[in-house]
Amino acid sequence: MVFRKLPGVSASGMGLRLSQKFVFLLFLSALVTLCFGALFFLPDSVRLKRIFLSKTETQPVTVGSGSENDVREHFKKPKEQDHPRGMTSAKGESSTRLKSLRRKPPLPPLATEERLSGGRAQEDLTLSRTRTESASEKASAADRGSDSDTFSYARFQRCLLKPPLGRDHGKPSDPRTAERREKVKEMMKFAWDNYKLYAWGKNELRPLTKNGHIGNMFGGLRGASIIDSLDTLYIMGLMDEYNDAKEWVKTSLDLNSNGEASLFEVNIRYVGGLLAAYYLTGEEVFRSKVLELGEKLLPAFSTPTGIPRGVINLGSGTSWSWGWASAGSSILAEFGTLHLEFVHLTELSKNPIYTEKVMNIRKLLNKIEKPHGLYPNFLSPVSGNWVQHHVSIGGLGDSFYEYLIKSFLMSDKTDGDAKKMYYEAMEAIEANLVQKSPGGLTYMAEWRGGILDHKMGHLACFSGGMIGIGADDGAPEKRQHYLDLAAEITHTCHESYSRSATKLGPEAFRFDDGGEATATRLNDRYYILRPEVIESYMYMWRLTHDPKYREWGWEAVQALEQHCRVEFGFSGIRDVYTTAVSHDNMQQSFFLSETLKYLYLLFSDDDLLPLEDWVFNTEAHPLPVIRKSCLQDEVTQEKTVSE
C-alpha cells in the first residue's frame, strides 16, 4: 500500500500537531471530569445526584408519602443503607423537599436525652441512647430507620423513664431480702434445669415421671415453658439458660401447627412471652416470630359481631367456641384479655388491624346493656347478647377487668374509654359483689342472676393488686378507699393460705356454712402452683412498702419448697389441707412465668421493671407503656438532626 505525502506537510509537522491534539484532549477530559464531579459535590446539585444514583441503586419500592422524610431516606449513612425498611423510591418527589436537605448545626449530644431520668445515665444504656449506633447486636434492623411508620427499638428505649433492670438489676441492699431473692432464683434454675433435662421442647414438665407434657391447649405449638420463661430468665440474670431458650425459639419454634388452640392461652403465653422478650432484649427473632403468630390469630375474629371464638386452628384459620361454653358463647375473660398484646402487635407491625379488632370488642361491650352495671361471663359471638347472667371476678371473668385498668396505664393514661369502663365496673362490683364475712374478711362473691354465691376463687385473688394499681387514677376522694379495699382483699387471700395445713391456698374457698376462707368441697382443695395471691403481694409491696407483704411472700416460698418441690422439679398438690401431700405431677409453665417472677420482684428493689414504664399481662409478661407523644417527639428530633 502506497502512502501519499500531503502537500505542504512534513513528517515532523504532523507529529507536532498530534501532540497538540493530545494535550487538548487531556484538557477537555479534565474539564468534563470537573463539571461531572460538581454534580455530585456542590450543594445545589443534589437533585441531579439523586437522579444518577436512582439508576444504579437497587431499592425496594414503597408508595411515597410525599413527606420530607422520603428525601432523607435516600441519604442514610452507609451503616443504615443495608436495611431495606428505611428506604423508599424517588417516585413522587417534588422540589419543595429540597428544603430538608439544607444542613443545620447538629444538636448537642444530650438534646435527645432531656426526658431521661433516674438511672438513665448508666453505662448499660449508653448504646441505646446513641443515635448512630444500634441498641446492641440484638436490636432489630428496623431501629435504624427514621420513618415514623417503622417501629424503632432505640426510639422505644429512649422513651422509657428508667432502665428496665434498674441500677443494679434490682438487688436489694438489705442482706436478708437479697438472700431470699437468691433463693427464688435458685428455685427458678432448679425448675428450668429439670424441664430442660426431661421435657425440652415439650410444653410442660411432669417431674414425677420425668417426661414432657404437650396437651391440647396450644393447638400443636410446643415449648410453652420456654416461651413463658424467657423474660423470667433474663431479668434474673440466668443468661446461659436464657440463651438456650432464645436458640430454641430461633431454630425450633414451629408456628405451622394444626390443632385446637385456645386463643386466650396462645395470646397470653406465646404472644405475651415473645413480646416481652423482644422489648427487654431487642432480639429480632422474637419480633418476627410474634408477628407471624399474631397473623394466625386474626381469623378467630371472623364472626358476625367481631367477638372472637375461643378456639382456633392455627393452620386452617377455622375457629369455633368451646363445647362446654353455654350456647356456643365466647368467654368474657378470653375475648377481654387480648387488648394489651394486640395493641403492641400494632406497634411492632404498624398494622392497625390488631388494635381495630380489640377496639371493636370494646365498642360492642359499651353498646350492650349490662345487668346492674356488671359484665356476665358468656356472650354470643353471633348475636352480641349475653347468654347467661353469671358474673365472676375469678375464673371466666377475671382478667377482663385487669386489662381495662392496664390498658389505661399502658396508654400513658390517655385511653379514656378504658378508664371509664374500669371505674364504672368497680362501682358495680362494689355494689353487688364485695362482701364482708362475719369474721371481718372482705371477699368477692360470685353473682348468678341476682343470687350471690359466697365463693371466691384463687384466680380472683389477683384483684387485690388490680385495685391497688388503679387507686391513684380514680376519684381523688376514693384513692385511700381503693388502697384499703386492695389491702383487705389481699389479706383475705393470705388467710386462705394461712388456714391450710400446707400454708398454700386452695383453688376456691367459701364463706358459708360457718367456714371462712377455706375450701369446703373436696374438688376445691388443690393447688396447682398458681401465682395470683403472690401477684397481689408484689403489687401491694410496691404501693405501700408494708413489710408484711414480703413476709407473706417468704411464707409462700417455704411452703412451695416443703410441699411442692420434688426430686426433679415442682409439682402441684391435690389437697392443701393435709401435709401428707399427693402431687399432681405437673410443673405448670405459669409457675416459671408468674409465680417465681412475682416472688423475685417482691424481693427486689422497685426499679427492676418499674411500674412507671411497664405493665404485666395476665401471664406476668412485662409490656412497656406506649408514650405516643414521646415517640412522636423522637421522630421529630431525628428529622431535625438529619437535616
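Trainee: How many residues does helix α12 have, and what is its reach from first C-alpha to last?
Mentor: This is a predicted model. In it, helix α12 (residues 353-367) has 15 residues and reaches 21 Å from its first C-alpha to its last, close to the 21 Å expected at 1.5 Å a residue.

Trainee: Which residues of α12 are buried?
Mentor: Y354, V358, I361, R362, L364 and L365 are the buried ones. They cover an arc of only 160° around the axis, which puts them on the same side of α12.

Trainee: And what does the face turned away from that buried side carry?
Mentor: It carries the exposed residues K363 and K367.

Trainee: What does L365 touch?
Mentor: Not counting residues up to four places away in sequence, L365 touches F335, K370, Y375, L379, W386, F400 and M421. L365 is also one of the residues, with Y401 and M456, that touch the most other members of the largest nonpolar core, which has 158 residues. The largest share of this core, 12 residues, comes from helix α8 (residues 263-281).

Trainee: Let us turn to α7. Which of its residues are buried?
Mentor: E241, Y242, A245, K246, W248 and V249 are buried in α7. They lie on the same side of α7, because they cover an arc of only 155° around the axis.

Trainee: Which residues are exposed on the other side of α7?
Mentor: D240 and T251 are exposed there.

Trainee: What covers the buried residues of α7?
Mentor: The cover includes α5, α6 (224-236), α8 and α9 (284-297). As for the dimensions of α7 (residues 239-252), this helix has 14 residues and reaches 19 Å from its first C-alpha to its last, close to the 20 Å expected at 1.5 Å a residue.

Trainee: Changing topic, how many disulfides does the structure hold?
Mentor: The structure holds two. Counting bonded cysteines along the chain, they follow the pattern 1-4, 2-3.

Trainee: Which cysteine is joined to C159?
Mentor: C159 is joined to C630, with an S to S distance of 2.0 Å. This pair links distant parts of the chain, 471 residues apart: C159 is in the loop between α4 (153-158) and α5 (175-199), while C630 is in helix α20 (residues 628-642).

Trainee: Why is the disulfide of C159 and C630 called left-handed?
Mentor: The torsion about its S-S bond is about -95°, so the disulfide is left-handed.

Trainee: Are C159 and C630 buried or exposed?
Mentor: C159 is buried, with a relative accessible area of 4%. C630 has 5% relative accessibility and therefore counts as buried, the cut-off being under 20%.

Trainee: What about C461, which cysteine is it joined to?
Mentor: A disulfide joins C461 to C493, with S to S at 2.1 Å. C461 lies in the loop between β14 (455-457) and α15 (463-469) and C493 in helix α16 (residues 479-498), so the bond ties together parts that are 32 residues apart in sequence. The torsion about the S-S bond of C461 and C493 is about -95°, so this disulfide is left-handed. C461 counts as buried at 1% relative accessibility, and C493 counts as buried at 1% as well.

Trainee: Where does Y482 lie, and what does it touch?
Mentor: Y482 lies in helix α16. Leaving out residues up to four places away in sequence, Y482 touches Y423, M426, E430, I467 and A471. The C-alpha atoms of Y482 and I467 are separated by 6.2 Å, although these residues are 15 residues apart along the chain. At 3% relative accessibility, Y482 counts as buried.

Trainee: Now the loops. Where does S437 lie?
Mentor: S437 is in the loop between β10 (434-436) and β11 (442-444). S437 counts as buried, at 5% relative accessibility.

Trainee: Which side chain does the side chain of S437 make a polar contact with?
Mentor: The partner is the side chain of E516, at 3.0 Å. Beyond four places in sequence, S437 touches Y443, F511 and E516.

Trainee: And where is S326?
Mentor: S326 lies in the loop between β5 (319-320) and β6 (330-331). Its side chain is joined to that of Q388 by a polar contact of 3.2 Å. Apart from neighbours within four places in sequence, S326 is in contact with F378, V387 and Q388.

Note on methods: Residues are numbered from 1 along each chain as its sequence is written. This is a predicted model: local features need pLDDT of at least 70, side-chain atom pairs count only at pLDDT 80 or more; totals for chains, interfaces and linings use all residues. Side-chain values use heavy atoms; hydrogens and water are left out. Helices (H or I, at least four residues) and strands (E, at least two) are DSSP runs, numbered from the N terminus. Buried means under 20% relative accessible area, exposed over 50%, partly exposed in between (1.4 Å probe, protein chains only). A polar contact is a pair of N or O atoms within 3.5 Å; within protein, one must be able to donate a hydrogen and the other to accept it, and residues adjacent in sequence count only if both atoms are side-chain atoms. Contact means heavy atoms within 4.5 Å. A nonpolar core is a set of buried Ala, Val, Leu, Ile, Met, Phe, Trp, Tyr and Cys residues joined through side-chain atoms within 4.5 Å. The expected span of a helix is 1.5 Å times one less than its number of residues. The arc is that of the directions from the helix axis to the C-beta atoms. A disulfide is a pair of cysteine sulfur atoms within 2.5 Å.
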